[in-house]
Amino acid sequence: MANFNFAFDGQTDMMSLNPLEMTNFEMMGAIFGVLGVVIALIQSRRAAKRQLPHTFVATETEEGALD
Amino acid sequence: MLRSFAKYLVVFCRYYLGGFNLCSGLNYFVLIFPQPKMGAQAGMEFVTAATDLNIFAYAKVVEGICGACLLFNRFVPLALTLLMPVTVMIFLTNVPWVPFPHVQMSVTRNLVMHVILLAAYANYFYPLLKFRAAPQPVWTDPARITRAL
């Protein structure tokens with residue numbers, strides 16, 4: 001039986017493999033995770049300028065190197 | 001479709017680990033939730049020894065700061081690097097020793113998410129794979145630190 005157990009008392013069934021039965025920290029992580037995905041979806045729909053990954057150029061790794 | 005899924009998977013993992021570690025770190029100093037107990041005697045002794053040596057407090061500070069970094073998307077590669085010893089240590093002290101499947105699944109999930117995030121931010125770690133690296137001391141050009149921000 002699925003159980004959505006937000007156990008403020010820390011009494012989660014540790015023998016359970018039910019992913020919906022979470023400890024407090026897992027629940028906080030899941031809440032933040034879902035919120036993050038919702039925020040990312042909203043931001044992508046607003047077509048904000050995308051954050052591009054950093055590309056290292058030669059000067060950043062070789063500049064001023066001691067031979 | 002797959003690219004979009006990967007993007008939101010990374011976002012979920014970043015926020016999940018950020019929220020988890022921030023709450024875990026803050027909870028050590030401001031007790032909101034009961035502190036989780038180790039299920040094995042050896043694990044409990046390890047935690048007691050780490051607490052006595054203040055290593056546990058250090059780990060919680062790292063968890064709190066790095067969790068906030070992940071949550072607010074600041075210094076993410078650095079935060080992942082600093083958090084890795086904590087994640088690995090929790091994994092190694094729990095999975096082989098704690099008999100509870102829930103704990104084993106939880107810490108394994110955290111490690112998997114951590115590895116996914118490291119892989120997602122791999123472009124920041126490629127320079128570490130330099131086979132023959134030449135020293136490039138920070139004191140020769142300290143302004144590079146601010147330029148890197």
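Trainee: Which residues have the most contacts inside the largest nonpolar core?

Mentor: The model is a predicted one, and its largest nonpolar core has 24 residues. Helix 1 of chain A gives two or more residues to this core, as do helix 1 (2-29), helix 3, helix 4 (76-94) and helix 5 (101-120) of chain B. Those with the most contacts inside the core are Tyr16(B) and Leu17(B).

Trainee: Which element gives the most to this core, and with how many residues?

Mentor: The elements that give two or more residues to the core include helix 3 and helix 4 of chain B. The element that gives the most is helix 1 of chain B, with nine residues.

Trainee: Which residue of chain A does Leu17(B) touch, not counting residues up to four places away in sequence?

Mentor: Within chain B, Leu17(B) touches Leu70(B), Asn110(B), Met113(B), His114(B) and Leu117(B). Leu17(B) also touches a residue of the other chain, namely Gly29(A).

Trainee: How many residues of chain A are in contact with chain B, and which helix of chain A gives the most to that side?

Mentor: In the contact between the chains, 31 residues of chain A meet 31 residues of chain B. By class, the side of chain A that touches chain B has 16 nonpolar, eleven polar and four charged residues. With 13 residues, the element that gives the most to this side is helix 1 (residues 24-45) of chain A.

Trainee: What is the order of elements in chain B, from the N terminus on?

Mentor: Chain B has six helices and zero strands. Of its contacts with a separation of 6 or more, 68% come from residues 24 or more positions apart. From the N terminus on, the order is α-α-α-α-α-α.

Trainee: Which residues of helix 3 of chain B are buried?

Mentor: Helix 3 of chain B has 17 residues and reaches 24 Å from its first C-alpha to its last, close to the 24 Å expected. What covers its buried residues includes helix 1 of chain A together with helix 1 and helix 4 of chain B. The buried residues are Glu63(B), Cys66(B), Gly67(B), Cys69(B), Leu70(B) and Leu71(B).

Trainee: Where in chain B is confidence lowest, and where is it highest?

Mentor: Chain B averages a pLDDT of 89, and 98% of its residues score at least 70. Confidence is lowest in helix 2 (residues 41-52) of chain B, at a mean of 80. Confidence in chain B is highest, at 94, in helix 3 (residues 55-71).

Trainee: Which residue just after helix 3 of chain B takes a positive phi?

Mentor: Helix 2 of chain B is followed by Asn54(B), whose phi is positive, near 65 degrees. Just after helix 3 of chain B, a positive phi of about 55 degrees is taken by Asn73(B).

Trainee: Does Met84(B) count as buried, partly exposed or exposed, and why?

Mentor: Met84(B) lies in helix 4 of chain B. A residue is buried if 20 or more other C-beta atoms lie within 10 Å of its own, and exposed if 12 or fewer do. Because Met84(B) has 15 C-beta neighbours inside 10 Å, it counts as partly exposed.

Conventions. Residues numbered from 1 in each chain as written. Chains lettered and ligands numbered in written order. Predicted model: local features only at pLDDT ≥ 70, side-chain atom pairs only at ≥ 80, totals over all residues. Contact = placed C-beta atoms within 7 Å. Helix = DSSP H or I, 4+ residues; strand = E, 2+ residues; numbered from the N terminus. Nonpolar A, V, L, I, M, F, W, Y, C, P; charged D, E, K, R; others polar. pLDDT = per-residue confidence, 0-100. Core = buried A, V, L, I, M, F, W, Y, C linked by C-beta atoms within 7 Å. Expected span 1.5 Å × (residues − 1).
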